[in-house]
Amino acid sequence: MSERVARIRIELRELGVGIRRRVDVPLAATLEALHDVIQIAMGWTDSHLHEFRVGGRIYGIPDPEFDFGDRRVYRESSVRLEDLVGRGVERFLYVYDFGDCWEHDVIVEEVRKGEAEYPALVDGAGRCPPEDVGGAPGFMNFLEAILSPGHEEHPAMLEWYGGPFDPADFDERRVRSRLAVLAARRRGGLARHRRRRIAGG
């Protein structure tokens, strides 16, 4: 199926260790769908709150308890990538886990016609930090301990993480497989939508 797709680069800020992914995503995808793609591509577990910051607007899941003053959260399901690209938006911010505060630059590298099934991984580098590691400072301390067998906290970090941690291995096979599941689910949804349209007239 031919459709317009955006090639998107996702870069985790602050760490200086080059954790990034590039993915192809349909322009028809909402920010809600892009959230799912980023979670899978980066290796997060979707265990915390998140939001997109686009220009002066915040998109996420509105919650009256967290909207205060000038802060208003718009529904992430209400805007599509094609809306942003049409407005000339080429870069925006994705924030995951307001405690650890992982900020990701989301950059639209190109828009083109695509013939494959999407979303799909293009490439990437670096394993994302473990959940609840304590933000950038906690992650750097974690790396120092878990990568140094002689470090006094090495055994504790191995136990906490559940095994060795390879900062260079982002488990590409697993990411490709999980994005393929998303693509298949999307393909099924599109097929059902087309059948309803044909049946309706």
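## Helix H1

In this predicted model, helix H1 covers residues 31–42. At 1.5 Å a residue, its 12 residues should span 16 Å. The end C-alpha atoms are 16 Å apart, so the span agrees with expectation.

H1 is mostly covered, with 9 of its 12 residues buried. Gly43 follows the helix. Its phi is positive, near 95°.

## Helix H3

Helix H3 runs over residues 135–146 and has 12 residues. From its first C-alpha to its last it reaches 16 Å. That is close to the 16 Å expected at 1.5 Å a residue.

Which residues of H3 are buried? They are Gly135, Ala136, Gly138, Phe139, Phe142, Leu143, Ala145 and Ile146.

## Arg21 in strand E2

Arg21 sits in strand E2, which spans residues 20–26. Arg21 is buried, yet it has no salt bridge. The nearest side chain of opposite charge is Asp123, 8.3 Å away. A salt bridge needs a side-chain nitrogen within 4 Å of a carboxyl oxygen.

What does the side chain of Arg21 reach at 2.9 Å? It reaches the backbone oxygen of Ala125. A polar atom of the Arg21 side chain also lies 2.8 Å from the backbone oxygen of Gly126. Both distances, 2.9 Å to Ala125 and 2.8 Å to Gly126, run to backbone oxygen.

## Cysteines and disulfides

How many disulfides does a search of the whole structure find? The count is 0. A disulfide needs two cysteine sulfur atoms within 2.5 Å. For Cys101, the closest cysteine sulfur is in Cys128. The gap is 15 Å, so it is too far for a bond. Seen from Cys128, the closest cysteine sulfur is the one in Cys101, again 15 Å away and too far for a bond.

Are these two cysteines buried or exposed? Cys101 has 28% relative accessibility and therefore counts as partly exposed. Cys128 has a relative accessible area of 7%, so it is buried. The cut-off for buried is under 20% relative accessible area.

Methods. Residues are numbered from 1 along each chain as its sequence is written. This is a predicted model: local features need pLDDT of at least 70, side-chain atom pairs count only at pLDDT 80 or more; totals for chains, interfaces and linings use all residues. Side-chain values use heavy atoms; hydrogens and water are left out. Helices (H or I, at least four residues) and strands (E, at least two) are DSSP runs, numbered from the N terminus. Buried means under 20% relative accessible area, exposed over 50%, partly exposed in between (1.4 Å probe, protein chains only). Lys and Arg count as positive and Asp and Glu as negative; His and the chain ends are not counted. A polar contact is a pair of N or O atoms within 3.5 Å; within protein, one must be able to donate a hydrogen and the other to accept it, and residues adjacent in sequence count only if both atoms are side-chain atoms. The expected span of a helix is 1.5 Å times one less than its number of residues.
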